[in-house]
Every structure is written in C-alpha cells, then in structure tokens.
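Reader: I'm new to this one and would like a friendly walk through it. Can you show me what we're looking at?

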Amino acid sequence: MTDQKEMEEAAHHVVSPVIYIIVGSTLLVLTGATVWASYQEWGNFNAVAALAIAVVKAMIVVLFFMHVKYSSKLTKLTVFCGLFTFLALVGMTLADYFTRAWGRW
Amino acid sequence: MSATIVSLPDQSTARIPKMNFITKENGLLSWLLTGDHKRIAVLYIISLTFFFFIGGALAGLIRLELLTPQTDLMAADTYNKVFTMHGVIMVFFFLVPSVPATLGNFLIPLMLGAKDLALPKINLLSWYLYVAGGALAIYTMASGGVDTGWTFTTPLSTHYVNTNVLTTGLAVFIAGFSSIFTGLNFIVTIHKMRCPGMTWFRMPLFVWAHYAASILMVLGTPVVAIAIVLVALERTIGIGVFDPTKGGDPLLFQHLFWFYSHPAVYIMILPGMGVISETISTFSRKRVFGYTAVAFSSVAIAVFGFFVWAHHMFIMGISNYAVLVFSLLTMLVAVPSAIKIFNWTFTLYKGSITFETPMLYTFGFMGLFTIGGLTGVFLGTSGTDIHLTETYFIVAHFHFVMVGGMLMAFLAGIHFWWPKITGRMYPEKISQLAAVVTFIGFNFTFFPQFILGTLGMPRRYAAYPPEFQVLNVFSTAGASILGVGYLLPILYLTWSLKYGEIAGNNPWQATGLEWQTQSPPLTENFAVTPIMDHEAYDYEWLEKQREKEVASVG
Amino acid sequence: MSDSTAIAHGGHAAPDNTHAGGHEHPAYLRHHFENVEQQADAAGFAMWLFLLTEVMFFGGLFTAYLIYRNWYYPAFVEASHQLNIFWGTLNTAVLITSSFTMAMGVWCAETRKQRGLVLCLVLTFILGLGFLGIKTVEYKEKIEKHHVPGFHYSLSSFTDPVSDPEIYKEYHDKPLALDMARHTEVYFSLYFAMTGMHALHMIIGIAILGFMIFRARAGAYTSGHVTFVENFGLYWHFVDIVWIFLFPLLYLISRHQ
C-alpha cells in the first residue's frame, strides 16, 4: 500500500510559494551569471559553463516548478527515461560526427 | 487426446448475448464518436484492411513488373513511385498500427480487468489521425505519387525530385501522432488501471509486449516527425540543413530518420510477439516457459533497439568507429528475440499441441521469423553488410520478419480473438487451408529473393540482368499464391459474421481475463470488476473454474 | 514498477459497478476510472509522457545544432553576434517570471484561491505575449538585415563586418572567408527552426491559457479539480526549459572580443 500512500502524497503535496520565490530568483540570478560568463575568455570551457548553468536551471525548474521532487518514483523514472533517450540520440549521433576523419588529411 | 481444444456451446440453443458493445447503441455516429476502445478497434480493423489491400495491390504491380528483366510494364519512374507507396503504406499505415491499434486496443483493458483505456477520447483521436494521414497518402498516390523510396533519403528527396514528397511527409507526420497517442494511452493504462490483484507479473505477455512497443512509439516517433519537418523546410525554403553546397550534411537526415525507423521495426514486431505468446500457450495447454524472461526480453528489445539505428547506414559515410560500435550493438539486440524463440519452443515441449488456425500461423511465425532474424545477423555484421545492403537480400530479410513474422502473427491474433470480438467462430477448415496457402506462397515469393540478393541483384530497380529472371518469375508466382492466401480470410471472416458458429465465452479454453467474460463483451467489459487471484496462464485455475461451473449448473 | 492500483478504499461508494443511481462522486469523474485519485494520477502521467515526446521532438533540432556548431564554429560565433543580447536576456527573464506566475497559479488552484488563480493566469498570459512581442521585434530585425535563409540571404555582414557598424563596434569580428560565411545561413536556419518551433509551442500555450482564464473565472479549477491547471503548468514549464537551453546555445556562444 505504500505506493498508494505515495500517490496520494504526490497528489496532495502543496509546494509552498516561498520555494517558488527562491527558485524563481535563483533562475534570474543564474541567467545573469550565464550572460556574464559568455563575456569571459575561457576558451572551450565557455561552452561547458553555459551548458552547466543551463542544466542547473532546468533541474530546479523540473524539481520544484514541476514538482518532481515531491512526485512518485514513476514520475522520476519517466523524467529519467526521457533524458536518457535524448542523450542517446544526441550522444551517439555526435559520436559518428566527431569520429569522422574528413578534412583531417 | 482430442484433435482440437475448441469447446463451443450447444449450437441449437446458443445465442449471441443480446447486450454487448455492438448492440449497445445504433447508428453511424455512435460508432464515429465512440469512446469505447472495442468499437475503435473495430474501426481500425476496417480501415487497416483497406490500406493493406492497397499496399498489397502495389506489391502485385511490383512483382508483375519484375517478371521480365526489362522495364516493360511501366516506366522506371513509375516503378519508383509504386515501390515507394508500397513501402509507405505497408510500414506506416499497416504494420505499425496493425496489432496495437486493433487487438491491443480491443484487448488491453479486457486483459487488465479495466473498463476502458485511460484516455478514450485520445484513442478516438488516434483513429481519426490515422484515417486523415491515410487519406492524404491516397491523395498523394492519385496526384502523381512520390518516388524517393519510403526512406526519403536526402539529398534525393530534398533536392532532386519534384514529386509529392511534402504531402507524403505530412501524411506520415500525422500518422506518427496517431501512433504516439496510442502508445501513450497504453502506457498510462498499463501503469494505472490494472484491476485488484493484477500485478505486473500476472499480466499476459501480450500486455508486456505492447508496453515495450508503446515506449518505442512514444520516444521514437517524434524524431522522425522532426526529420520530416526539416525535409519540408529544406524543400520549401532551402534552409540548407541537408544541403552540402550550403554546408549541410545529408546524413543528418538519415540519423534522425533511422533513430525512429529502427525502433519502428520493433514497434511492428513486438505486438506480434505478444500474440504468439498467447497462442502458443493456449494451443499447447501450457504456461509460457520462462514468463519472466519473455517479459523482460520485450523490454530489453525496446531498450537495445534505440542503440542500433546506424546499421542502416553502414555504407552511407558514417565513421568507421560508428560502424564498429553499431555493428557490435546490433549483435546484442538479436539476443532478446532469440530468447523469446527459445522460450516459445520450450513451451511446446511436453505440451498438448493442437493445430487450429491460430497455431498454424504461430508455427509459420516461429520458422519464418527465425530465418528472417538469422539473416539479420548477416546484415548487422558490417563486413557482409557492405555486399548485401541495397540488394534483394535486404528485401527478403525484412519481408521474412515483417510478412513471415508480423503479418502471420497478426492473422494468428485476428483468428484467435475473432470469436471474442464478434461472438462467432470462423470456419476452421478453409482457414487452415488459407494458412497453409499463405505459408507456401510466402516461401515461394521471398526465399528466391535471398538468393537474388547474394547473386547481386540490386533493390528498387525496375530492370535487372537477364540471368536473374528465373528466380524473379518464381517470386512472382509465389506472390500470386500469397495473394490468394490473404484474400481467403477476408471472404470467410466476412461470411462468419452472419453464419459462423456461436462461440460462447471461451471457445479455446484459454486463461486470461478476456475469456472469462461474454463474447462479444459488454461495453463496460465486466459486470463486476474482476479480482486477479491467480498467475498468468494458470491452466489448473481454469480447470477448477470449469469444475465449479459444471457443479453449479448441475 | 510496483504501483498496483488496488484502490477499492477511495472514500467513495463501495465498488458497485452497475452504478445504479445515487453515485457519490464528483461530476468530473469519468466512469472508466475507479476514483478521482486514479483519474488525476493517470492524467498527470499522460502529460509527462507527452512531454517526453516533446523532448525527443526538440532533440532532433538540438542534435542538428550541436553538429553544425562543431563544424562551423567561427560562422556560428559571428552569426550569433547578430542577436541582440539585451532582448534575449530580457526574454529569458520574462519567461522565467511567467514560469513563476504559472507555478503560483497552480498553488492558488490547489489552495482554492480563485481570484489569485485568475490573477496568476492573466499575468502568465501577459508575460507570454510579452515574450512573443519581443521575439517579433527580433525577427523583424533579422528580416530587415536579410538574415532569413532562403529569402535574399545576405552575406555582407560576415564577409565584411565593418559594413555592419552596430555589431562591429561591439565585437570587432574578423571577416569570414566566403565558404565559412555561407555557413552562417545554417546557423540562421537552425535559429529560426528552433525559436520558431518554440514560439509555436508558446502560441498554443497562450491560447490554452486564454481558455483557462475564462474557465477559472467560472470557478472550474478551484473546487478540488486541479488536474487541468497542474498539467498545463507542466507544459508551460517545459516550454520554459527549452528556452533555458536555446538562450545560451543561440545567443551566448561567445561574446568576448
């Protein structure tokens, strides 16, 4: 019956507006940070930093705005599956492109 | 030991139950605006059959042209259009929706003890999208056709043809959403609407197979949707994303296309495998051997199926590293399918086997799918694929798995559940004949094509060197036999609607919740929500039920 | 995967599936569900699955973007300088705020504050329109400078950056060779495809918001049945997440000199 309880909790858990305000402000701050970072000269690390900040922003939107932190295991698994398949598409396709030898000789 | 397990009620007194999903409401609108999953399944059966015969007619034209080495029946351009439309219609408008949209829709709520699927209106929307996409595909054919092959390879489809690529692409896009919504509906239903006591490992393997196929539908189809959108943008505005002169890469289209289209072949076959699990158990009177292995192998096929798509692109210009990785992964994906074949075979061992029509189709599936699957190993091995790809070997391979495999499974399922859907039995002798005719016709049609492929005959060519003619003639002869084999069911199944024997609840003495209720079922499926208190394929439980029934009727 | 649905004890009438009159469940319970919890749960799960399809749909575009950015980095850098960072950042802030107001709207529905809900939905609506308005301004600029692929696309800003003084004084870009300059068209193709697809999703969302405001004013979502608002919120947040990635990838490739 624990799944039933989990389901009811997920359905009834009300996230407090305080959390939303914190998350919203964090998102705005991180937006500023990513703009600032793009003006720095970090070479290849610029792209890493930009993606990292974007991932953090997306994570807090998913966890708090979309309530995944307070959701059932099934919801979390579903989000994971979507992410995993997306990464498989991008990763394996890019692996082909990055290992092509065109133009290197 | 009796030669049949069929157990029908006394025909002199039996009647179709007065109240069932067919008689519940009358009038065309009650069908066209229904939310009842069973009615939607029937709508799909009718429209699917229509598209199958159009695709089949196109196949007939292909085989007619290939009787002679010259392009004499039709111009080469026309031939290109014929095989393209054959592929588009058969893949997107027949095979992908076949078992899920008909049998899946009808049976999944019944098998789970639910009243309907989770989202009935979305289910109806799925059917309308299917019909809309199909109508658009027919329109395309009528207005000049498309000749790129069903794979729409770039840059041919974006830059070098002025045929109806856009309308066909739109038709496929729309049909794709039909598929997505069906899969979505199944996943939600299976997770959230099982009756009390129906744990995951008590569900029929048919449901597991559809669950795995639905995951593929939901995650894979959107990628081909975006691929089509990009082709449309490339054709209309010339954005350059697939255009080498603007820096684009035509292979990108293929990556996006096959990312869906490889899982699509598993979308097509997994539901068929689900049917086979049910029929093989029923006609061996035995629980499926290794239930857990079969269930998990369905999911494994779905997962691994996402990682092998570039084996369709070995010769197209991907890197050697990619060839290596995708070839290795392709070897992996064959394993779960093989596991199923082994498990089904072990189910037969020491079972009480009878040879009703669904079982004949099942045996056909086992043999032909195995051959098709084994030839897939030659194609997954990049070294041999270089020689066999784009030849008739590929054509034979996928027809063995799709026609010898999937279509046979579809027919097995239609015959197996026909009594449940209609309340009537089909005529056994002629249907067994049709199954045998189909099997013979199939082998004559497609086995020569393996030989043609290894000898070097290319696919998608209207003309070929004269030394290949004998085998092509064999193949066309087989196709005409195959056509008879497919025509017969239409005739006798229609006949059975009026004249078939009354089937009763459980003519096959099968386990499974769908057989514990009337045929045809009530609109709400069950008068009382069932409680699942036994394992799947529990024939002892079934015996006890029958004893109780006999005792109480007295 | 062990969420069984043995929910016979939902606090409603005992399972009498013939439903002979006098059933004590809310009007919005569809009859193929046992109780409202099951219905809400199924609806939420269905929405998440739909969002997965959207992830894969945009995934194809992101794949294309990452490939060509890797191949044609100098073209992508210079082309991205054509995007106005003020508008882009402002738009990001607008969308984030609209996500906040949407989340607050869901909270209002859950706590049955009808006026609060309507206010939040209206704010989300206005912010959404604001986003589209700014996008229109940006698109207009691209059209005027002939940076729309397929419509008299002009390479002059890239082969001769000095001819584009506003951008040049900020970034002092080097002139690109002709073939690399042509690849800026791929950048803009992806820019329009990705932001256009995103904008299409925003338009659909705003239309649904309009419908929701209308229904919220009639009290439809503040009497215990919050599923529609919650699930729309999920959709809206997803559209926000897509932009969270589009913004750095398209606007912020490299803004240093």
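Reader: Let's start with a helix pair: at what angle do the axes of helix α2 and helix α4 of chain B cross?
Author: Keep in mind that this is a predicted model. In chain B, α2 covers residues 37-65 and α4 covers residues 98-112. Their axes come within 8 Å, and the crossing angle is roughly 160°.

Reader: So are α2(B) and α4(B) roughly parallel or roughly antiparallel to each other?
Author: Over 145 degrees counts as roughly antiparallel, and these axes cross at roughly 160°. The crossing is also left-handed. The angle is therefore what makes α2(B) and α4(B) roughly antiparallel.

Reader: Which residues of α4(B) does α2(B) meet, and how do the residues of that contact divide by class?
Author: From α2(B) come B:His37, B:Lys38, B:Ile40, B:Ala41, B:Tyr44, B:Ile45 and B:Leu48. On the α4(B) side they meet B:Ser98, B:Ala101, B:Thr102, B:Asn105, B:Phe106, B:Pro109 and B:Leu110. Sorted by class, the contact residues are nine nonpolar, four polar and one charged.

Reader: How does α2(B) pack with α3, and how far apart are the axes?
Author: Helix α3 of chain B is residues 76-95, and α2(B) packs with α3(B) at about 150°. That is why the two are roughly antiparallel, and α2(B) passes α3(B) in a left-handed crossing. The axes of this pair are 9 Å apart.

Reader: What makes up the contact of α2(B) with α3(B), by class?
Author: Among the α2(B) residues in the contact are B:Phe51, B:Phe52, B:Leu58 and B:Ile62, while α3(B) brings residues including B:Phe83, B:Met85, B:Ile89 and B:Phe93. B:Leu48 is on the α2(B) side here, and B:Leu48 is also listed in the contact with α4(B). The class tally for α2(B) with α3(B) is 16 nonpolar, three polar and one charged.

Reader: What about the chains together: how much area is buried between chain B and chain C?
Author: The contact takes 45 residues from chain B and 38 residues from chain C. Carbon and sulfur atoms give 69% of the buried area. B:Lys115, B:Lys192 and B:Ile226 supply 17% of what chain B buries against chain C, more than any other three residues. The whole buried area is about 3600 Å².

Reader: Which residue of chain C meets the side chain of B:Lys192 in a salt bridge?
Author: Between chain B and chain C the count is two salt bridges. One of them involves B:Lys192, with 2.6 Å from N to O. The partner is C:Asp41.

Reader: And how many salt bridges does the rule find across the interface of chain A and chain C?
Author: This contact takes 49 residues from chain A and 50 residues from chain C. About 4400 Å² is buried there, with carbon and sulfur atoms giving 78%. The salt-bridge count across the interface is zero.

Reader: Where in chain B are the cis peptide bonds that join Thr154 to Pro155 and Ser519 to Pro520?
Author: Most peptide bonds are trans. B:Thr154 and B:Pro155 are joined by a cis bond with omega about -5°, and B:Ser519 and B:Pro520 by another with omega about -10°. B:Pro155 lies in the loop between α5 and α6, and B:Pro520 is in the loop between α16 and α17.

Reader: What is the phi of B:Gln509?
Author: Most residues other than glycine have a negative phi. B:Gln509 sits in the loop between α16 and α17 of chain B. Although B:Gln509 is not a glycine, phi there is positive, at about 50°.

Terms used: Residues are numbered from 1 along each chain as its sequence is written. Chains are lettered from A and ligands numbered from 1 in the order in which they are written. This is a predicted model: local features need pLDDT of at least 70, side-chain atom pairs count only at pLDDT 80 or more; totals for chains, interfaces and linings use all residues. Side-chain values use heavy atoms; hydrogens and water are left out. Axes are lines fitted to C-alpha atoms, for helices over the stretch in contact, and angles run from 0 to 180 degrees between N-to-C directions. Helices (H or I, at least four residues) and strands (E, at least two) are DSSP runs, numbered from the N terminus. Angles under 35 degrees count as roughly parallel, over 145 as roughly antiparallel, 65 to 115 as roughly perpendicular and the rest as oblique. A crossing is left-handed if the near helix is turned anticlockwise from the far one by less than a right angle, and right-handed if clockwise. Contact means heavy atoms within 4.5 Å. Ala, Val, Leu, Ile, Met, Phe, Trp, Tyr, Cys and Pro count as nonpolar, Asp, Glu, Lys and Arg as charged, and the others, Gly among them, as polar. Buried area is the accessible area (1.4 Å probe) that two parts lose on being put together, summed over both. A salt bridge is a side-chain nitrogen of Lys or Arg within 4 Å of a carboxyl oxygen of Asp or Glu.
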